[in-house]
Amino acid sequence: MDKPVTPAAAARGPRRRDRHGRGMRGPIAPPQVPLAASRAEVFADLVQDSVERLERRWPQLADIDFMVLEVPRLDGPGQAWNDEAVPLGGTIAARDGRPARVVVYRRPVEIRTKGRDERAALVHEVVVEQVAELLGLTPETVDPRYGEDQG
């Protein structure tokens with residue numbers, strides 16, 4: 001009886017390239033290149049950049065947690081969506097040993113902006129407004145450039 005001969009390539013596992021050496025070779029971009037970063041990671045970086053700008057002027061921000069959530073949630077029964085605008089951010093006061101938190105909602109901000117620069121400006125505006133609310137100050141006090149056109 002003759003034994004069938006299997007090609008060496010088939011015995012090693014799934015073929016990653018076709019017989020001409022073409023096909024999937026690896027990732028399109030290395031991980032350190034911005035192309036490889038997800039939209040959520042890029043957005044979180046925008047929030048972090050904004051916080052770092054403000055921390056130079058307000059060192060007490062190191063005691064506040066900054067978070068990014070996809071969309072605002074409705075907490076508790078009986079709450080329903082209304083015709084008001086969807087919030088872009090929010091604050092959670094410090095309690096039970098937990099630090100105060102500033103939350104920026106990614107999807108509502110992304111929907112309202114076209115490009116990266118416009119998104120960065122709106123993220124900074126939201127962070128400034130939420131920090132001002134937590135500190136009991138006006139946004140102009142938190143960042144003197146608040147409200148200026150970021151062009």
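Guide: Contact means heavy atoms within 4.5 Å. This is a predicted model, in which local features need pLDDT of at least 70 and side-chain atom pairs count only at pLDDT 80 or more, while totals for chains, interfaces and linings use all residues. Residues are numbered from 1 along each chain as its sequence is written, and side-chain values use heavy atoms, without hydrogens and water.

Visitor: Among contacts between residues at least 6 apart in sequence, what percentage join residues at least 24 apart?

Guide: The chain has 5 helices and 3 strands (DSSP runs numbered from the N terminus, with H or I over at least four residues for helices and E over at least two for strands), and these elements follow one another as α-α-β-β-β-α-α-α. Of the contacts in the chain between residues at least 6 apart in sequence, the share that joins residues at least 24 apart is 59%.

Visitor: In what order do the strands of the sheet stand?

Guide: The edge strands β1 (65–69) and β2 (89–92) each have a single partner strand, so one side of each is left without a neighbour in the sheet. Strand β3 (residues 101–105) runs antiparallel to β2 and is joined to it by 4 bridges (two strands pair if DSSP finds at least two bridges between them), with glycine 90 opposite valine 103 in β3. The sheet is open and its pairing is mixed, and the order of its 3 strands is β1-β3-β2.

Visitor: Which helix lies across β1, β2 and β3?

Guide: Helix α2 (residues 39–57) packs on the sheet by touching β1 and β3, and its direction makes about 155 degrees with that of β1 (axes are lines fitted to C-alpha atoms, for helices over the stretch in contact, and angles run from 0 to 180 degrees between N-to-C directions). The helix that lies across β1, β2 and β3, running at about 25 degrees to β2, is α4.

Visitor: Is glycine 147 buried or exposed?

Guide: Glycine 147 lies in the segment after α5 (139–142), with its C-alpha 9.8 Å from that of alanine 121, 26 residues away in sequence. The relative accessibility of glycine 147 is 56%, and the cut-off for exposed is over 50%, so this glycine counts as exposed.

Notes: Buried < 20%, exposed > 50% of the residue type's maximum accessible area, 1.4 Å probe, protein only.
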